[in-house]
Each structure stands twice: as structure tokens, then as C-alpha cells.
Amino acid sequence: MLKTTSKMLLGVAFAGGLMMPHAFAETSLNALFMAQAAYSEADVRAMTEAFTKANPDIKVNLEFVPYEGLHDKTVLAQGSGGYDVVLFDVIWPAEYATNNVLVDVSSRITDEMKKGVLPGAWTTVQYDGKSYGIPWILDTKYLFYNKEILEKAGITAPPKTWDELSEQAKTIKDKGLLETPIAWSWAQAEAAICDYTTLVSAYRGEFLKDGKPDFQTGGGLDALNYMVESYKSGLTNPNSKEFLEEDVRKVFQNGEAAFALNWTYMYNLANDPKESKVAGKVGIVPAPGVAGKSDISAMNGSMGLGITSTSKHPDEAWKYVAYMTSQATQNEYAKLSLPIWASSYDDPAVIKGQEELIAAAKIGLAAMYPRPTTPKYQELSTALQQAIQEALLGQASPEDALKTAAENSGL
Amino acid sequence: MGPRSLAFTIFVHACALLLAVVILAPVAWLFVMSISPAADLSAKPLHWWPQEADFSRYKLLLSTVENSAGAAFTAALRNSIEVAGMATLAALAVAIPAGWAVSRTPSVGWSLSMVIATYMLPPVALAVPLYMGLARLGMLNNVFGLALVYLTILAPFTTWLMKSGFDTIPREIEAAAMMDGANLFQTLRRITLPLAMPVVATSALFAFLLAWDEFFYALLFTSDQRAKTLTVTIADLAGGRIADYGLIATAGVLAALPPVFIGLVMQRALISGLTSGGVKG
Amino acid sequence: MSGPFMTTRAWLLMLPLLGVMIAVIGWPLVDTIGLSFTNAKLVGTSGTFVGFDNYAKMLSSTNFQRTLYTTAWFAIVSVAVEMVIGVLTALLLNQEFHGRFVLRALMILPWALPTVVNATLWRLIYNPEYGALNAALTQIGIIDSYRSWLGEPGTAMTALIIADTWKNFPLVTLIALAALQAVPRDIRAAALVDGAGPLARFRYVTLPFIVGPLMVALVLRTIEAFKVFDIIWVMTRGGPANSTRTLSILVYQEAFSFQRAGSGASLALIVTLLVTVLAASYAVLVRKTAGSAR
């Protein structure tokens with residue numbers, strides 16, 4: 001559907017270019033992305049090149065920062081009007097909208113987009129009923145497992161519940177196959193919150209109730225208890241507490257983890273024999289659930305592309321955002337990041353070679369649990385990261401750690 | 001010095017060897033990582049020496065193909081050179097007259113002490129107003145804006161070094177030239193400055209190295225290839241989102257080359273600078 | 001030439017320096033003081049006057065107290081270790097042995113390495129799964145399994161201090177070595193004839209010559225260590241569990257990540273005050289020791 005739209009845009013751009021070849025100066029856009037493995041720097045550069053080829057009057061300068069720098073860079077660049085297009089995480093629209101960092105693009109969104117994009121994906125870019133961009137990366141945490149190790153341990157099916165995961169890991173450990181079978185990304189960073197949120201969704205916990213912290217009891221506490229228990233029991237790789245996602249991937253594709261919680265991108269990279277020692281043995285399922293509470297767990301780790309309020313070229317910026325999020329572009333690069341478009345999931349070209357991933361995605365993406373929506377998310381997250389680490393390191397009990405986090409959350 | 005026992009000689013050599021290893025090992029490892037294939041770097045047990053040296057990462061980072069990772073890196077390299085170069089020249093331009101003034105007229109010396117005292121200010125204490133001020137002037141994410149800020153880090157040091165240098169040049173030489181009818185600026189240009197050239201060179205080296213090393217302001221005040229410096233680029237690479245440790249190491253080697261080269265070649269000048277402030281203080 | 005003329009001329013020559021310093025440091029400092037009494041956000045609202053609220057809130061927060069302690073620990077330990085190793089290596093390099101000139105030249109290497117590169121290098125060395133330190137220690141047999149050096153509060157701080165020391169002790173070495181070389185040989189020879197032991201010789205002959213320059217190095221390094229940001233930002237970002245979060249990182253978080261310019265400014269000024277008091281008391285100490293040692 002969007003193919004036609006983008007072709008139309010393309011046509012318009014060409015016509016414009018032909019009619020007034022020298023009349024208007026080249027527009028230069030600055031776009032901020034993150035350095036990551038899914039939609040890697042090379043991918044984004046290739047997509048952008050295709051865009052500028054189709055729109056010769058627009059030049060796009062790309063900037064890549066690690067995820068940890070994405071928020072601060074976006075905020076700091078307001079002073080210089082630095083970026084026209086920024087990548088933003090699902091947790092930031094509240095703050096960005098409140099502080100007028102991004103422009104409301106609700107009126108620009110076409111009916112085609114509204115209908116074609118998965119409804120769950122739209123929540124990524126919305127706050128207070130307005131849309132601040134188009135979702136671009138649709139992602140949740142999946143449970144990856146090493147088929148060979150599970151087989152050796154005599155395990156026939158991947159775990160359906162978190163308790164079952166612990167049991168299977170224990171079997172693997174007891175049989176001497178791996179010292180520490182589970183790898184997570186629990187560094188003091190947003191990555192730890194993502195893993196925690198996955199567990200919170202499994203335990204049916206709640207971050208906020210009436211705007212006040214509610215994670216210190218119930219499911220929120222159960223989730224942290226599970227993490228601490230898994231860490232203390234030695235089933236979890238103790239280095240998880242300084243891992244980010246790429247560290248998890250390295251350990252997993254080196255064959256040093258039987259289970260790992262990670263994003264979509266790991267599936268095809270860990271299956272690439274050039275990169276990985278476990279190619280062909282990678283299993284993927286939705287993250288497990290909790291008996292009596294949930295069948296599976298998933299969290300919304302999606303990101304969107306938006307236009308900054310300081311951009312002097314919002315129309316060209318929108319053109320770029322529309323191109324980057326178009327179904328054609330997304331299908332072409334669907335190996336490391338799955339499209340936001342519903343119909344892509346039935347497109348044989350997209351599914352081919354990653355049937356297992358698509359099957360897990362269909363279930364996982366439909367059950368994505370959100371991190372809290374609040375303009376003070378950064379503070380809340382910082383406080384929670386500290387709580388998780390303190391509990392893991394045994395500096396505080398999970399109860400006390402979460403209570404302190406609730407007090408320091410700024411809410 | 002008296003004759004030394006054999007045991008003492010052995011002890012000294014052993015310590016010297018240990019020191020050499022401590023100094024060299026980390027730097028050598030950085031270089032080895034930069035030429036090791038990625039698989040070697042994630043091997044267990046670790047491969048300490050690559051079977052085949054792989055220089056492809058240097059080629060990748062130094063390529064100038066538009067819109068590539070190499071272009072981003074070379075842009076940062078250029079920005080670092082520009083910013084450090086401009087800041088150094090500007091620092092010398094303000095430090096030479098000021099250093100001479102304090103050397104010849106010690107009664108104004110207290111103002112230099114005040115300037116040097118700004119060294120105690122943590123950059124975070126100035127960052128917010130500087131950020132807002134640069135934003136108002138449109139000089140955020142701009143090499144000139146960054147160089148202006150760096151100037152204030154470099155100028156106190158260079159002025160102090162220049163003052164120490166001028167102190168060693170006798171006033172009588174200047175007085176003689178003045179008597180021959182030369183005015184102040186002619187005297188400074190023809191007589192004093194040539195004599196102070198070694199100190200000027202030392203100050204310039206120090207200033208350049210200081211500016212090259214700066215990270216905090218660059219992190220806050222730059223956002224893309226137009227002004228981002230090497231230190232920020234490397235911190236971005238090291239941020240944990242790059243799986244190829246060799247690439248991070250390569251960027252580190254490239255960023256370290258200029259200052260290390262300056263350090264090794266110009267060592268005499270640098271050490272004299274390091275100590276002239278210290279010994280006299 | 002008359003005195004007033006000289007003075008006026010001197011001020012004129014200092015004008016560019018003073019002008020730049022006032023514009024880029026003086027004015028922002030005054031502005032920061034003003035900000036610290038408001039609840040201004042980084043971008044947008046300029047905020048309203050809130051008196052000493054920010055100061056009260058910051059000083060009483062456990063975050064601040066913990067961070068202050070962390071910073072002091074980092075500064076004191078790293079500077080102390082750097083001074084001791086620096087002096088010892090200077091004494092070593094002052095001995096006669098083969099290759100001492102090469103070794104002296106090498107000392108400049110860590111010092112010339114950019115701080116961020118140094119931090120990156122050590123972060124790679126400490127990597128829990130693929131780092132050189134784990135590999136080396138297990139292969140030698142000192143530890144039997146890989147450790148998470150930057151993941152444990154106990155070792156993370158030590159690991160940071162080692163990385164910082166490695167880069168900065170050569171500066172102390174070079175300063176001390178230059179001072180050592182200024183010790184007249186006949187004084188030393190005389191002490192040897194008098195039968196003074198090595199420790200006595202160091203205390204009464206060598207130390208008086210190097211204590212002045214060392215004090216300057218001590219002051220400079222302590223100030224630097226209190227302001228530390230780069231190495232921690234790159235290596236741990238303050239983790240694990242904020243055990244390596246220093247004051248500069250805390251100010252960054254408050255003012256930039258959370259965009260609370262007002263309370264960020266108050267915190268920054270508290271840090272400034274601390275460093276100033278510290279430096280001033282050091283300066284007194286320098287004057288005293290320099291006086292008594294000569």
C-alpha cells in the first residue's frame with residue numbers, strides 16, 4: 001500500500017526536480033540514529049542513500065550515538081536546532097511532548113498508515129492522544145535458546161513459564177553442560193529495565209497506579225525477586241550485571257549460554273555462521289509466562305522516528321520519516337528488525353528463512369507490555385536501575401530497594 | 001655515588017623491567033586488538049597474537065567515502081585538529097602579551113592568580129549557562145564555539161608558562177633595544193619573542209594536548225559531524241553497542257597517535273614545561 | 001619609565017586574556033549562581049525564584065552524600081597511589097642502568113594517551129567475558145574463573161583507580177625526576193660519607209629538594225580527581241548500583257539528563273566550593289612544607 005505512496009512521493013519529487021532544477025537550493029536534513037546491530041549503521045546509510053537517490057533535492061546527514069546517549073543528545077540539541085529527525089524510544093514521547101521537543105504529526109498521518117500499521121505499534125509514538133512520529137523499530141524481548149544444549153540435556157521443549165526456565169537451566173547446569181546457562185542484560189542501564197519489564201508483565205505487575213509508583217509490591221516485586229533468585233542460584237551468568245544486549249549476543253553466539261533474553265535482531269545474527277558459533281541451533285519463543293497469571297510475557301521496546309520542533313524543514317523531514325518507515329523499506333531490511341506493517345507478516349518474502357522468529361513475533365508483539373508513560377520517566381528509570389542492581393548485588397532486599405526507588409522516582 | 005652491590009644492580013634492573021612492562025603492556029594490547037580478527041578477540045582462552053594481522057579496520061575508519069563510518073571518523077579527526085589548533089593559537093595570542101606583562105610588572109600578578117584559580121572550577125559548574133549562551137549565539141555544535149570554550153582552559157596554563165619563560169630573559173636586553181629607539185612591540189617581536197621561542201613551543205604543545213584530550217564540553221556542545229571531536233566519537237564507539245572490540249581499539253590507536261607522537265618526539269620540551277611551573281611554584 | 005605607566009600598559013596587555021576569561025568563565029559562573037536559586041529547566045522555562053530550596057534539597061539527599069563519599073574515596077586513593085608510585089619510579093629512573101633513557105622516554109606514553117582512549121582501553125581489558133585481565137590471570141593461575149571487574153561495587157572502584165593511576169602516575173614521576181636531577185651530587189656524597197642510611201638520605205637530602213614540586217603535583221592531581229568525569233563516564237557510567245558515581249556525573253544527570261538546570265546549578269556550586277576549600281587548604285600546606293623543608 002505504502003509502496004504506491006512512496007512511489008507517488010517519488011514521482012512528485014522527480015517532477016519538482018524537473019520543473020525547477022535550479023530554482024530551490026538543496027535541503028539538508030540532520031538525522032539522529034542509534035548505533036546498534038539491528039538496522040545497523042550500514043543499513044541506515046543504505047536506506048538513506050536510496051531515499052536521497054529518489055529525492056535528489058534532499059541531503060541527509062546521519063549521526064549515530066549509542067542508545068545511552070540518544071535521549072541526552074536529543075534534548076541537548078534543542079539549543080542548536082541540530083537535528084530535524086530523531087529516533088526516540090517508546091518511553092520518551094511523554095517527556096518530549098511536555099517539553100516541546102517533538103512536533104505533533106497526527107494530521108500528517110495518512111489513512112493508509114493508520115490502517116496498515118499494527119495498532120500496538122502506534123502506542124509507541126503516542127502521548128495524550130497525539131502522535132509524535134511513526135513507529136520504526138517494532139520490538140520486544142524474546143527468549144532465545146540453544147537447541148543443541150537443550151537437546152543434550154534431554155529437554156524436549158523450551159520453557160513455557162519462568163519457573164520452568166529455572167528448572168531447565170538447573171538441569172543443564174547439573175549435567176555440567178554450562179556453568180551459568182542464562183544470560184541477561186542487567187547493566188545499570190535501560191537494558192535492565194527492559195528485562196525487568198518483561199518479568200513484570202509475566203507477573204501481571206503494575207508500574208504506576210493513579211500516577212504513583214506501584215512496582216514495589218505485587219508483580220513488580222515478584223519480578224525483581226525472580227531476577228535476584230536466578231542470580232543468586234548461579235543459574236544466571238553473574239556477568240549479566242554488567243551486560244548490555246550486545247554482550248548477551250556475544251555470549252549466546254559463542255555457545256556460552258543456553259538461554260538469553262534479547263531483541264529480534266539477535267535471531268538472524270546468531271544464525272549467521274560468519275558471526276556465530278551456534279548458527280542453525282538458535283531457537284526463539286515468546287518470553288515465558290507465570291502459571292496462573294500469564295501464558296507469555298513481552299514488553300514494548302519499540303522506537304519511532306519523529307520531527308523536532310526546531311526543524312526548519314518539517315515537510316522534507318516528514319518525507320524522510322515516511323520513506324524510512326515505509327513498508328517497502330521495512331520489508332527489504334526485515335532480517336534484523338521486523339516491520340510495523342501488519343500485512344508484512346504474511347508476506348512470503350519477509351517470512352522466508354525466519355519462520356520461527358515470525359511465529360514468536362506474532363504472539364509476542366500482540367502482548368507487548370508498556371513501560372510507564374510519564375514525563376519523568378528518566379528519573380524513574382534511573383531509580384529503578386539502581387534498585388535492580390542493589391538487589392542483585394545483595395546490598396538491599398528487593399523490597400527495600402524497590403521502596404527506595406519509589407521514593408526517588410520523582411513521582 | 002658509591003659502588004653498588006650486585007644485588008642492588010639486579011634489583012634495579014628487575015624493577016626497571018617491571019616498569020617497562022607495566023607501561024607498555026596495555027598500549028601494546030590496544031594495538032594488538034586493533035589488528036586481531038574479531039573471532040580471536042572473543043576466543044576462550046584468549047588469543048594473544050593474531051594468526052594473521054588484519055589492518056582492514058584502519059582502512060574502514062580512514063576511508064572518506066561520503067556517508068560512511070569512515071567519513072564520520074575522519075570528520076571527527078578533522079574537527080579535533082581544527083578545534084585544538086584554533087584554541088592553541090588563540091591561547092598563545094592572549095598568553096604572550098599577558099605573560100610578558102605579569103613578568104615585567106609583578107604588581108598585576110594577582111589577576112593571573114585569579115585566572116589560574118579558575119582551574120578549580122569543575123566544568124559542570126559552567127556548563128549550563130555556557131550551553132544556553134552558545135545556543136543564543138548559534139555557536140552550539142560549532143567548531144568555533146568549542147574552540148572559544150577550550151581557549152579558557154588553555155589560556156591560564158599557557159600564560160603561566162609564558163610568564164615563567166619571560167622571567168628567565170633579562171630585562172636589560174629589552175632596555176638596550178629600547179634605548180636604540182625600538183618601540184615596545186618592535187622590542188618584543190625582534191628581541192624577546194625569539195629568545196622565548198622554546199617556551200612558546202612548549203606552551204603550544206601543552207595547549208594542543210590539553211585541547212585534544214577534552215571530552216566533557218565536547219560531549220555537551222556538539223551533536224554531529226560538523227563539530228563532534230574524536231574523544232566523543234570514541235566514547236560513542238565504546239558505549240557498549242559495538243560488538244567488534246577491534247574497531248573500538250583501532251579508533252583508540254588512531255586518536256592516540258598524534259599526542260603520543262608529539263609526546264615522544266617533543267619530550268624534552270614537554271618535561272621542561274611540566275617542571276618549570278612545578279619547580280618554581 | 002614611571003610606575004603608573006608600566007601598570008597601565010600591563011593591564012592593557014592583559015586585557016585580551018582577562019576579557020575572554022570574564023566572558024566565558026566569569027559570566028557563566030555568575031549566571032550559575034543565579035540559576036541555582038531558581039527551578040529553571042534546561043530548555044524552555046527560565047523558572048522562578050525558590051531561595052535556598054535547591055541547596056537544602058541537594059545537601060540533604062542521600063544520593064549527594066553517597067556520591068560525595070565516592071568522589072572523596074576515588075580522589076584520595078588514586079592521588080595517594082599516584083604520588084607514591086610516582087616518587088618510587090622517579091627514584092628508580094634516577095639510578096644508573098642500561099636503557100634508562102628509553103624507559104624515561106616511555107613514561108610519557110600513558111600521559112600522552114587521551115583520557116577517553118585510556119578509559120576505553122581499560123574497559124576492554126576488564127571485560128568480564130573476553131577481557132585481557134581475566135584471560136591473563138586465569139592463564140597464570142591467579143584466579144580460576146572469570147570475574148566481573150566492573151560489575152562488582154568492590155572491584156569496580158579499584159579497577160577505575162588502577163586505570164586512572166596508570167595514566168597519571170607518570171606525570172608525578174616526570175616532575176619528581178626533574179627535581180631529583182637538581183639535587184647537587186656533592187651533598188649526597190657528603191651524606192654518604194657521614195654514614196647516613198638510605199632512608200635517612202632520602203628524608204634529609206633528597207626529600208627537601210623534591211617536596212616543593214611534588215606539592216604542586218599533589219594539588220593539581222587532587223583537583224583533577226575531584227572533578228573526574230571522563231574516565232568514569234566511559235568505563236562505568238557510575239554503575240554498578242551507582243558505586244562509582246562521582247559528583248560530576250551526578251551534576252550531569254541532574255542538569256542534563258533530568259533537565260533540572262536550577263538544582264543542577266546548585267549542586268555544581270556545592271562541588272566548586274568543596275574543591276576551592278580543598279585547594280586553599282592545600283595551598284597553605286604547600287607554603288608551610290616548602291618553608292620548613294628548605
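**Entry 1: chain C as a whole**

I began with charge: chain C carries 21 positive and 13 negative side chains, and the centres of the two sets lie 6 Å apart. For this count Lys and Arg are positive, Asp and Glu are negative, and His and the chain ends are left out. I took the place of each charge as NZ of Lys, CZ of Arg, CG of Asp or CD of Glu.

I noted that this is a predicted model, in which local features need pLDDT of at least 70 and side-chain atom pairs count only at pLDDT 80 or more, while totals for chains, interfaces and linings use all residues. Residues are numbered from 1 along each chain as its sequence is written, chains are lettered from A and ligands numbered from 1 in the order in which they are written, and side-chain values use heavy atoms, without hydrogens and water.

Next I looked up the secondary structure. Chain C has 13 helices and zero strands. Here helices (H or I, at least four residues) and strands (E, at least two) are DSSP runs, numbered from the N terminus.

I then read off the extent of the chain. The C-alpha atoms of chain C fill a box of roughly 75 × 75 × 30 Å along the principal axes. Of the 294 residues in chain C, 57% are buried. Buried means under 20% relative accessible area, exposed means over 50%, and partly exposed is in between, with a 1.4 Å probe and protein chains only.

The accessible surface of chain C is about 12000 Å², and carbon and sulfur atoms hold 69% of that surface. Such areas come from the Shrake-Rupley method with a 1.4 Å probe; for residues, only the protein chains shown count as cover.

I also checked contacts, meaning heavy atoms within 4.5 Å. Among the contacts in chain C with a separation of 6 or more, 67% are between residues 24 or more positions apart.

I looked up Asn94(C), which lies in the loop between α3 (62-93) and α4 (100-106) of chain C. Asn94(C) counts as buried, at 17% relative accessibility. Leaving out residues up to four places away in sequence, Asn94(C) touches Arg104(C), Leu177(C), Leu180(C), Gln181(C) and Arg188(C).

I went on to the loop between α11 (230-235) and α12 (247-257) of chain C, where Pro240(C) is found. Gly239(C) and Pro240(C) are joined by a cis peptide bond with omega of about -10°. Arg237(C) lies in the loop between α11 and α12 as well. Arg237(C) is not a glycine, yet its phi is positive, near 55°. Arg237(C) counts as partly exposed, at 28% relative accessibility.

**Entry 2: the domains of chain B**

I found domain 1 (1-54) and domain 2 (64-280) in the domain assignment of chain B. Such bounds come from an automatic or database domain assignment. The contact takes six residues from domain 1 of chain B and seven residues from domain 2 of chain B. The centres of the two domains, taken over C-alpha atoms, are 32 Å apart.

The two domains of chain B bury about 490 Å² between them, and carbon and sulfur atoms give 80% of this area. Leu30(B), Ser34(B) and Leu41(B) supply 66% of the area that domain 1 buries against domain 2, more than any other three residues. Buried area is the accessible area (1.4 Å probe) that two parts lose on being put together, summed over both.

I also noted a cis peptide bond between Lys44(B) and Pro45(B), with omega of about -5°. Pro45(B) sits in the loop between α2 (38-41) and α3 (56-62) of chain B.

**Entry 3: chain B against chain A**

I looked up which residues meet here: 25 residues from chain B and 32 residues from chain A. The area buried between chain B and chain A is about 2300 Å², with 43% from carbon and sulfur atoms. On the chain B side, Asn67(B), Ser223(B) and Arg241(B) lose the most area to chain A, together 31% of what that side buries.

**Entry 4: residues of chain A**

I placed Gln378(A) in helix α17 (residues 377-392) of chain A. Gln378(A) is buried, with a relative accessible area of 16%. Apart from neighbours within four places in sequence, Gln378(A) is in contact with His71(A), Trp92(A), Glu95(A), Ser257(C) and Phe258(C).

I found Lys170(A) in helix α8 (residues 162-174) of chain A. Lys170(A) counts as partly exposed, at 44% relative accessibility. The C-alpha atoms of Lys170(A) and Ile182(A) are separated by 10.0 Å, and the two residues are twelve apart along the chain.
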